[in-house]
Amino acid sequence: MTQPIEDYALIGDLMTSGLVGRDGSIDWLCLPRFDSAACFAALLGDEENGQWRIAPAAAPDSARCTRRGYIDGTLVLESFWETEDGASFKVIDFMPQRDTAPDVMRIVEGLSGVSAVGSTLRLRFDYGRVVPWVRRCDGAREGDRVAVAGPDSVWLRSEPPVPTWGEDLSTRSEFTVAAGERVAFVLTWHPSHEERPEPLDPYGALEQSVADWREWSSQCRYEGPYREAVIRSLITLKALTYAPTGGIAAAATTSLPEELGGVRNWDYRYCWLRDSTLALGSLLATGFLEEARAWRAWLLRAIAGDPADLQIMYGIAGERRIPESELPWLKGYAASAPVRVGNAAVDQLQLDVYGEVLDSLYLARSNGLPAEHHSWRIQLSLLDFLADNWHRPDEGLWEVRGPRRHFTHSKVMAWVAADRAVRTLELNPALPGDVKRWRTMRDAVHRDVCENGYDAERGTFTQYYGSRELDAATLLIPRVGFLPPDDPRVIGTVDAVRAELGRSGLVRRYSTEGPSVDGLPGDEGAFLACSFWLADALHLTGREKEARELFERLLAVRNDVGLLAEEYDPVAGRQLGNFPQAFSHVGMVNTALTLGGGGVLPG
C-alpha cells in the first residue's frame, strides 16, 4: 500500500539522504550522492524495488509506529512502537556525517517489556532494477552480510550479532529486546572494487551525530516567533546541502507527482539558480555565514564560462550535463508514471536566472560577505549578455514545456539584474562598469513590463505579454523592488492572484485549466512556495492579520516531523511533489522572518 508522502521523514549525511516511512521502512535511498541511483526505490514502485523495514516481528505490512520525532536540534529520527503484548521499543534512524563511506544506522532500543522485532532488507541497486548477490563472508560474525552487483557493494552488520538468514531475495533478522537493551544495524556502501571500510561504532556515532547537529543548529541567531519551524526548516536545508561543494539540492527525490496518477513527475536532485537568492537570504538572516559563503562559492563556480551558456540548474557539484531518461520498470508513486531521472529543462532558456544570480551576489556583498575578486567580472559578462537578450521570449520560471513566451516575471528579473548592477556601482564607484548603460537598460525594461505585462482593465500584471492568465511569480514584484508595495498595480495583482489562483486559501503557480501554458495534461496542487510569497505580499501591502493567518495555515500543512513537499492538495489533505522541497522550506524561513521582523530580503 502506498504511504502518503507526508508519512515520510528525512535522514542524511550532507552528501545523500533517505526517506523513512511511518511503517518503519526506508523506501528511498541513493548512494553515495543525492543524484546517485537508488538502492531502495520502493517509494516509486513496490517492496521488490528495494526497502529496509524494521518493525514488530508480528506486525502486518499496514502497521505504523505510534509516534515519532526528531531529537531536538538534529536530523536523528526516533520512531516509537508498541507490540501486541504491550511491550514497547524505539528505532533510532540516522546517517552519521561520513569520513569515507556512507553509513545508514538503525538502533533498536527496548523501552518496556520484551519486544520481538523483525528486520527485512531488500537491496535493489540501479533504482530497484538489480538484485545483488548476498553472501556471508568467510570468518564473518552471525548477522554480517555483503551484497555485490557491478560497481556497488553494501555491507550489513549488527551490534550485537543477531540471527540472520536469506529468504525470498531478502535478508531477514529477528530478535528480542528488553527494556534498556539495544541492537544496532549498520548498512555501509562502498565501490565494489575497494576494500571494506573500517566499521564504525554505531553507539558512538549516535552520540557524535546528535552533538554535531546540535552544535550546528545552535548557531541560529533568530529568536523571534515560529523559531521551532525556522530551525527545522534550516536543518532540512542543511540536510539537502552537498557538503563537498556547498550546492543545495532542490529536493531529496525524483518523480513524486504533482498530481496523483499524473505525468508531472520530475527529478529535483539538482541545484536550481532560481533558489539562490531566497536560500542565501535565509542563511544570511539566521547567522549561517559559512553555509552562505559555500553556496555563493558553488554559484560562482557553476556559472563561470560563456554567459550565453548559463543554465537554470546544475548538478550538486556544478555538473552541466543532466540528461533526462525514463525508468519503465518502476510503476511510479501511486501509479504516477513515468519515473524520470535527469531533467531536460536544463537546456531551456530562462532569462530570469540572470536576475537571480545578480541579486544573490548583490545580497551577499551588501550583507558583509567579502567579495570574490573575480565575481564582479563574471557579473559584468552576464549583464552584457542580458542587455542584448532580455527582449527575447523564454520558457520562464516554471520551466514550461510549451512555446516560449514573453513571461512577465522573466522581464522583471532582467530589471532586477540591471538594478543591482546600478546599486553596486553607486555603492562601489571604484569598480569597473558603465553605470549609465545599466540605468538606461533598467528604465527600458521597467517601461516595457509596465506597458506590456500589465492588464489595466483588470488591474493586474499577467503571466506573459498579451495574456489574460495570471502567475503567482508576480507576487514577487514588491519584494524585489520593481514597484513599491503601496502601488495600486501591486495591490491589484495580489488581489487578482489570490482570487483567480487561490485554492482553499493557498495558491497555485498558474492555471492548468483549458489549454495550459506548460504544454502538459492534468492538474497540480497548490504550490507551497507561492503560498508563502502571498503571505509576504499581504504583509508588505499592510494586511498583517491575513498574512499571519495564511502563514499559520501553512505551518499546519507540515507533516508530523515538520517537513514540506513542493505542493499540497487542500481538498484531499495530501502533500504532493518532491519531498522534502528546499524551495518550500526557504519560503517557510523567509516568511517567518518577515513576520517576525528578522528577515534579510532581496530588493
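The buried residues of helix 2 pack against strand 8, strand 9 (103-112), strand 13 (152-159), strand 16 (182-191), helix 3 (227-239) and helix 5 (289-303). The structure is a predicted model, in which local features require pLDDT of at least 70, side-chain atom pairs count only at pLDDT 80 or more, and totals for chains, interfaces and linings use all residues. Residues are numbered from 1 along each chain as its sequence is written, and side-chain values use heavy atoms, with hydrogens and water left out. Helices (H or I, at least four residues) and strands (E, at least two) are DSSP runs, numbered from the N terminus. Contact denotes heavy atoms within 4.5 Å. Buried denotes under 20% relative accessible area, exposed over 50%, and partly exposed the range in between (1.4 Å probe, protein chains only).

Helix 2 comprises the 16 residues 202-217. The expected span of a helix is 1.5 Å times one less than its number of residues; for helix 2 this gives 22 Å, in agreement with the 22 Å between its end C-alpha atoms. Its buried residues are Pro202, Tyr203, Ala205, Leu206, Ser209, Val210, Trp213, Trp216 and Ser217. They lie on the same side of helix 2, because they cover an arc of only 160° around the axis, the arc being that of the directions from the helix axis to the C-beta atoms. An α-helix has 3.6 residues a turn, so residues three or four places apart point the same way. The exposed residues Glu207 and Glu215 are carried on the face of helix 2 turned away from its buried side.

Strand pairing was assigned where DSSP finds at least two bridges between two strands. Strand 7 (residues 77-82) is largely enclosed by the rest of the structure, since five of its six residues are buried. Strand 7 pairs with strand 6 (residues 67-70) in the antiparallel sense over four bridges, and Leu77 in strand 7 stands opposite Tyr70. These two strands form a hairpin with six residues between them, in whose turn Gly73 has a positive phi of about 75°. Strand 7 is also joined to strand 8 (residues 88-94) by six bridges, again in an antiparallel arrangement, with Val91 in strand 8 as the bridge partner of Ser79. Five residues separate the strands of this hairpin, and Gly86 takes a positive phi near 95°.

A further antiparallel pair consists of strand 14 (residues 164-167) and strand 15 (residues 170-178), joined by four bridges. Glu167 has Ser170 in strand 15 as its bridge partner. The hairpin has two residues between its strands, and Asp168 in the turn has a positive phi of about 50°.

Nonpolar cores were defined as sets of buried Ala, Val, Leu, Ile, Met, Phe, Trp, Tyr and Cys residues joined through side-chain atoms within 4.5 Å. The largest has 193 residues, of which Trp52 and Trp533 touch the most other members. Helix 8 (residues 408-427) gives the most to this core, with 10 residues. A second, separate core of 12 residues includes Ile71, Val76, Ile107 and Val186. Helix 8 is largely enclosed by the rest of the structure, as 17 of its 20 residues are buried.

No disulfides (pairs of cysteine sulfur atoms within 2.5 Å) were found in a search of the whole structure. Cys271 is buried at 0% relative accessibility; its sulfur is 14 Å from the closest cysteine sulfur, in Cys30, too far for a bond. Cys220 is buried, with a relative accessible area of 4%.
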